[in-house]
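Colleague: Hi! Could you walk me through this one? I'd like to start with the aromatics.

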Amino acid sequence: MAREHELLSPEIVNRGVENSGPYAGSLSFSVRVQRRLPDFLNSVNLKYVRLGYGYLLSHGVYLIPAPILIVIFGAQIGKLTFSDLLPTFDTTDAVFLFGLLGILAYIYLETTPRWIYLVDFACYRPPNELKISKKEFIEQARESGNFNDASLEFKQRIIKNSGLGDETYLPRAVFCPGYRPNLKDGREEAAMVLFGAIDDLLAATKIRPKDIRVLVVNCGVLNTTPSLSAMVINHYKLRHNINSFNLGGMGCSAGIIAIDLAKDLLNAYPGSYALVVSTEVVSNTWYGGNEVDMLLPNCFFRMGAAAVLLSSCRLDRWRSKYEFKQLVRTHKGMDNRSFKCMHLKEDAEGRQGLSVSKDMIEVGGHALKANITTLGPLVLPVSEQVHFFTNLLLKKKTKPYIPDYKQAFEHICILATSKKVLDEIQKNLELTEELMEASRKTLERFGNTSSSSVWYELAYLEANASVKRGDRIWQTAFGSGVKCNSVVWKALRNVEKPERSPWLESSE
């Protein structure tokens, strides 16, 4: 009961002056209790700490032999004199020795994970005629006749405090009277955003479509036959033996899942390129009914897409922007409350939409907490980890010391879901306004673009020339399931302001 109480946030609401009844003329108040994120800084689940160190050790196995061999080799070299270095061995021994060294080097390179590079990425900015302000959103929703007064009032209240600005993008078809999601509108929107992002990426990288060996496309709600990945293959005439995958139904965190899949495939196909494309088709997430739990996505989801080019070719390091460092995935789907908190359903009149439970923030917070606890051992400085374990061993009866995650990253890109969620995460992780700036600005300018949101945030950092050589960038996203996924990149150079960016008006 005490734990449940900690997750509730009371709020006193002024309801104005009573007009009738025994309390006429008096002020009336009500108490509204809302669920909030769990307190990240109050406790640590050691299960996820152990999991994080398990990942660290599994990666370290590949690195341990190298320094040992170097030390042994150096010790043997140190024993040699000048006379030992004279050519006293025969040709057969020399060939055998160098052959053996070559075989050992080949085995080591083939059994260690490949370096994965992020060559470049691009985010799509829809045309200006699709811009919509918060006022226009409510007006067009009212004119459509699809919503009753209670639904319009709810939308107006939500969007007022959403954190969205007046220049987000929506397809106008959703405001047609009696609109229901359909394949025609969905495919047209998908083609617009997917091809727009890929065109910008190909123009920036100058690679040929036939050089792409791996293709991963993710979109949550729209799943067509042929698939969206097949649509991309057909449009760009990609190679006939391409390894293509289409991820659906995996929510806002699917973009990082797509990166994980592409990374594994690049390890299987060394020296190859992988194209990852992330989007959500808003015309298919739109709900035209009056069920309150299904109206929230209308208020936050907006048009957008991102295309990312990855490479496992060592020669691409010189022209790539970032190097892949770590990726951690957390899934809470085994818990029924987490599994059911966001799902696609139909209302009583058969209208389809995404239902968002009141528990979403709480269960999402637990997933985020588990994810960053697992990520900690992989990214935190040794001093923070020593401090954490010293406190844990010597002061068992007090609350444990929580490592400072701000020391692990120079930039943070948190999925731009809503102002309330970003406020809660900033408060719980004690993040600075500077670290939250990219997420807040993306939410204001583009809204919640789902799985592509973290790429708009990285594009914001690049447009402001904020990324310097050696900087570490943490991207984290959470979605239905409930899932929370994180990926860490390291900048290989000072990233200059790009010629094309969704944040630069001159690149239209």
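Modeller: Happy to. Keep in mind that this is a predicted model. The structure has 13 aromatic pairs.

Colleague: Nice. How are the rings of F175 and W286 arranged?

Modeller: Their centres are 5.3 Å apart and the planes sit at 70 degrees; planes over 60 degrees apart count as edge-to-face, so this pair is edge-to-face. It joins distant parts of the chain, 111 residues apart. F175 is in the loop between strand 5 and helix 7, and W286 is in the loop between helix 10 and helix 11.

Colleague: And are F175 and W286 buried or exposed?

Modeller: Both F175 and W286 are buried. There is also F324 with W489: ring centres 5.8 Å apart and planes at 80 degrees, so that pair is edge-to-face. F324 lies in strand 10 and W489 in strand 15, 165 residues apart.

Colleague: What is the relative accessible area of F324?

Modeller: F324 has 12%, so F324 is buried. W489 is at 0% and counts as buried.

Colleague: Which residues do ring pairs link into a cluster?

Modeller: Y169, F446, Y456, Y460 and W503.

Colleague: Switching to helices: at what angle do helix 16 and helix 17 pack?

Modeller: At about 110 degrees, with the axes 9 Å apart, which makes helix 16 roughly perpendicular to helix 17. The crossing of these two helices is right-handed. Among the contact residues are F446 of helix 16 and Y456 and Y460 of helix 17. By type, the contact has 5 nonpolar, 3 polar and 3 charged residues.

Colleague: And what comes just after helix 15?

Modeller: E430, with a positive phi of about 55 degrees.

Note on methods
Residues are numbered from 1 along each chain as its sequence is written. This is a predicted model: local features need pLDDT of at least 70, side-chain atom pairs count only at pLDDT 80 or more; totals for chains, interfaces and linings use all residues. Side-chain values use heavy atoms; hydrogens and water are left out. Helices (H or I, at least four residues) and strands (E, at least two) are DSSP runs, numbered from the N terminus. Axes are lines fitted to C-alpha atoms, for helices over the stretch in contact, and angles run from 0 to 180 degrees between N-to-C directions. Angles under 35 degrees count as roughly parallel, over 145 as roughly antiparallel, 65 to 115 as roughly perpendicular and the rest as oblique. A crossing is left-handed if the near helix is turned anticlockwise from the far one by less than a right angle, and right-handed if clockwise. Contact means heavy atoms within 4.5 Å. Ala, Val, Leu, Ile, Met, Phe, Trp, Tyr, Cys and Pro count as nonpolar, Asp, Glu, Lys and Arg as charged, and the others, Gly among them, as polar. Rings of Phe, Tyr and Trp (its six-membered ring) pair if their centres lie within 6.5 Å; planes under 30 degrees apart count as stacked, over 60 as edge-to-face and the rest as tilted. Buried means under 20% relative accessible area, exposed over 50%, partly exposed in between (1.4 Å probe, protein chains only).
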